[in-house]
Amino acid sequence: MMRRRNYEASRAPGQARMDDFLNEFLSETKSYIGLDSADAERLAIVGPALEPHLPALAELFYRKILEHPNAARVLSGPEQLGRLKLTLQHWARRLFSGCYDLDYAQDRMAIGRRHVTVGVPQRYVISAMDVVRIFLLESIDRIEPDLQHAAATKHSLNKILDLDLNLMCESYFITSLRELRDLNARLEAANLELNELGRVKDEFLAHTSHELRTPLNAILGFTKLILDGLCQDRDEERELLRDVFESGQHLLGIVNDVLDIARIEAGKLKLTMERVEMRPLFEQVLAVVRVQADAKGIRMVDETGGLPLPPVRGDAHRLRQVLINLLGNAVKFTDEGWVSLRADTEAVAGHLQVEVQDTGIGIPRDKQAHVFEKFKQVDTSFTRRHGGSGLGLAISRRLVEMMGGSIALESPGKGLGALVRFTIPLDAPVEDRPHRAAYDQLSIAGPSHGTRVLVVDNDPGFRKYLQRLLASEGFAVVTADSYADALDAADRFHPAVALVDWVLPVSTSLAYGNGIDLVAAFQQRFSLPSILVTGHEPARAQAELSRRNLKPPTPILRKPLDAETLREAMQKVLTAHAPLP
Ligand code: HEM
């Protein structure tokens with residue numbers, strides 16, 4: 001009694017509720033199917049005699065499962081099958097333990113949960129239980145000569161198998177309920193976020209229209225003055241024209257920012273990833289920003305001079321935009337002191353790290369997390385005073401991430417200056433290292449923050465072609481050359497899409513199969529959409545795919561494959577499978 005009370009005290013409330021539920025479920029089901037202590041006794045007696053039959057049961061069980069055309073979707077290979085045969089015998093042994101308490105029910109529920117997780121449909125479990133039932137009933141007939149005894153034992157066996165089936169099915173029910181609850185919670189959170197986004201967007205729109213109107217008013221007002229001949233002389237006219245020109249440039253900057261963020265949001269902004277030399281880029285950008293710094297009497301310090309700068313992989317035009325943005329901001333928000341540019345090749349492996357630091361107005365700590373969010377400015381009145389769309393940091397973050405880097409901001413607080421630090425991948429050659437389940441780490445080509453793609457092909461040439469192409473388009477790519485390794489890669493890498501060759505080496509045990517089997521397994525297990533790639537007649541692949549009735553249908557691309565066709569197919573699949581916000 002004492003021990004039970006201690007246990008009660010140590011149980012988490014959720015666990016306690018689950019145990020209470022299971023205890024009730026167990027006693028209700030036992031009484032409904034009439035499982036009592038006499039059954040438990042009979043089963044415990046027959047167990048040892050059935051023990052030698054269990055290996056044959058496991059063999060038959062998985063032979064029957066493999067006859068099912070969809071078994072490949074949940075089973076990955078011979079190593080897993082070997083393990084499963086042992087676990088099935090272990091499961092069968094416990095049927096004859098004679099003890100069907102809370103611990104038993106928890107074990108059976110856990111097995112049920114595992115099946116839900118790996119994607120075994122409930123109807124398969126129900127029909128598989130029949131395979132066990134028929135085998136064990138026949139085995140009892142074989143080992144028990146006394147007909148009456150055999151009939152009673154078989155009756156008890158039916159009861160315990162019913163109890164097991166009930167527990168496994170209850171797992172399915174509970175999991176569905178939990179999934180629905182989770183989905184509901186996610187939908188509620190998404191809804192709240194949408195409302196908040198709507199509010200922030202309205203605020204942004206009001207701010208941007210004000211920002212657009214200010215230079216527009218200047219342009220219209222000054223041009224009208226000139227057109228109406230109200231200037232006193234040529235000099236005054238020229239001065240007004242200069243103001244008009246500057247207002248036009250300012251307006252263009254804001255419009256470009258808004259268009260950029262809209263293009264990024266719509267996934268329409270394309271980067272041209274290439275080898276970029278940083279030295280000339282730094283020099284160009286510093287020349288532009290130095291003019292603004294000089295005008296404000298701020299010292300521009302270039303700490304990168306004399307450093308050997310290895311080339312990076314990125315979009316030169318967009319990198320320039322990020323640097324101008326960050327250095328321009330630093331100058332804009334600094335009234336006295338200095339702005340410094342630094343670079344470091346050691347700080348982050350495989351990346352160049354760039355820092356822009358200033359002695360300006362800084363950012364309060366509680367606002368720092370929001371500075372890179374679109375539409376969320378630290379203080380709209382602030383950008384109003386200093387001009388601009390206030391989108392610079394949001395755009396910079398998206399651009400840096402699309403190029404495979406990351407960006408962060410540090411500021412000791414208001415009035416204490418700020419430091420923005422970003423990384424960009426060095427231009428390293430793409431290495432073909434197909435994934436193996438035994439590897440500790442994934443080998444990812446391309447920007448690690450890019451949309452994730454898994455390429456499965458046993459032809460090294462084509463694999464490398466796809467890998468290079470996708471990496472240069474800003475995707476993060478992992479490759480595999482076999483069915484089992486591909487499943488492991490999908491499990492660990494969580495790709496957004498897989499490109500799968502139709503013809504893959506097929507295992508002789510038939511436990512796993514060709515590319516179409518893999519496409520089916522990806523969809524079933526990970527809800528992962530695929531594109532099938534083949535050098536063979538696509539009509540045949542289409543016929544085989546149609547037989548599987550995969551939803552949504554898998555697109556087929558024919559080798560040789562050009563960049564444009566691949567880009568279009570990827571775009572289609574990724575848009576169709578866009579996750580919930
Ligand atoms: C009466 C029906 C079944 C019983 C008693 C049974 C038994 C088991 C047991 C004891 C485990 C290990 C659970 C764990 O690791 O916690 C397991 C896992 C599994 N079973 Fe079943 N099973 C049944 C039906 C099926 C069917 C019909 C399929 C496939 C079509 C299937 C596929 C699997 C898979 C894929 C796993 C997970 C393997 C892994 O961890 O790698 N099972 N099963």
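Reply: Five strands make up an open sheet, ordered β9-β8-β10-β11-β12, with parallel pairing. This is a predicted model, in which local features need pLDDT of at least 70, side-chain atom pairs count only at pLDDT 80 or more, and totals for chains, interfaces and linings use all residues. Residues are numbered from 1 along each chain as its sequence is written. Strands (E, at least two residues) and helices (H or I, at least four) are DSSP runs, numbered from the N terminus. Two strands pair if DSSP finds at least two bridges between them.

Angles here run from 0 to 180 degrees between N-to-C directions, and axes are lines fitted to C-alpha atoms, for helices over the stretch in contact. β12 pairs with β11 in the parallel sense, over three bridges. In that pairing, T534 stands opposite R558 of β12.

Now the packing around the sheet. The largest nonpolar core holds 37 residues, and L454, V456, V477, A486, L499, L518 and L532 have the most contacts inside it. A nonpolar core is a set of buried Ala, Val, Leu, Ile, Met, Phe, Trp, Tyr and Cys residues joined through C-beta atoms within 7 Å. Buried means 20 or more other C-beta atoms within 10 Å of a residue's own; exposed means 12 or fewer, partly exposed is in between, and C-beta atoms are placed from the backbone. At least two core residues come from each of β8 (452–456), α14 (460–472), β9 (476–480), α15 (483–493), β10 (497–501), α16 (515–526), β11 (530–534) and α17 (538–548). α16 gives the most, with six residues.

Leaving aside neighbours within four places in sequence, V456 is in contact with A480, A486, A498, L499, V500, D501, L504 and L518. Contact means that the C-beta atoms of two residues, placed from the backbone, lie within 7 Å.

Next, the loops. Most residues other than glycine have a negative phi, and most peptide bonds are trans. H494, in the loop between α15 and β10, has a positive phi of about 50 degrees although it is not a glycine. H494 is exposed, with 11 other C-beta atoms within 10 Å. S527 lies in the loop between α16 and β11. S527 is not a glycine, yet its phi is positive, at about 50 degrees. S527 is exposed too, with 10 other C-beta atoms within 10 Å. The peptide bond from K559 to P560 is cis, with omega near -5 degrees.

A second, separate core of 35 residues includes V276, L352, A394 and F422. Strand β5 (residues 351–358) is mostly covered, with six of its eight residues buried. β5 runs antiparallel to strand β4 (residues 338–344), joined by six bridges. A343 stands opposite V354 in β5. The two strands form a hairpin with six residues between them, and G350 in the turn has a positive phi of about 75 degrees. β5 also runs antiparallel to strand β7 (residues 418–425), through eight bridges. There V356 stands opposite V420 in β7.

Last, two helix pairs. Helix α10 (residues 278–296) packs on helix α11 (residues 316–332) at about 20 degrees, with axes 10 Å apart. That makes α10 roughly parallel to α11. Angles under 35 degrees count as roughly parallel, over 145 as roughly antiparallel, 65 to 115 as roughly perpendicular, and the rest as oblique. Among the α10 residues that meet α11 are L281, V285 and V288; the α11 side includes L319, L323 and L327. The crossing of α10 and α11 is right-handed. A crossing is right-handed if the near helix is turned clockwise from the far one by less than a right angle, and left-handed if anticlockwise.

Helix α4 (residues 54–67) and helix α5 (residues 78–95) cross at roughly 125 degrees, and their axes come within 9 Å. α4 and α5 are therefore oblique to each other. Their crossing is right-handed.
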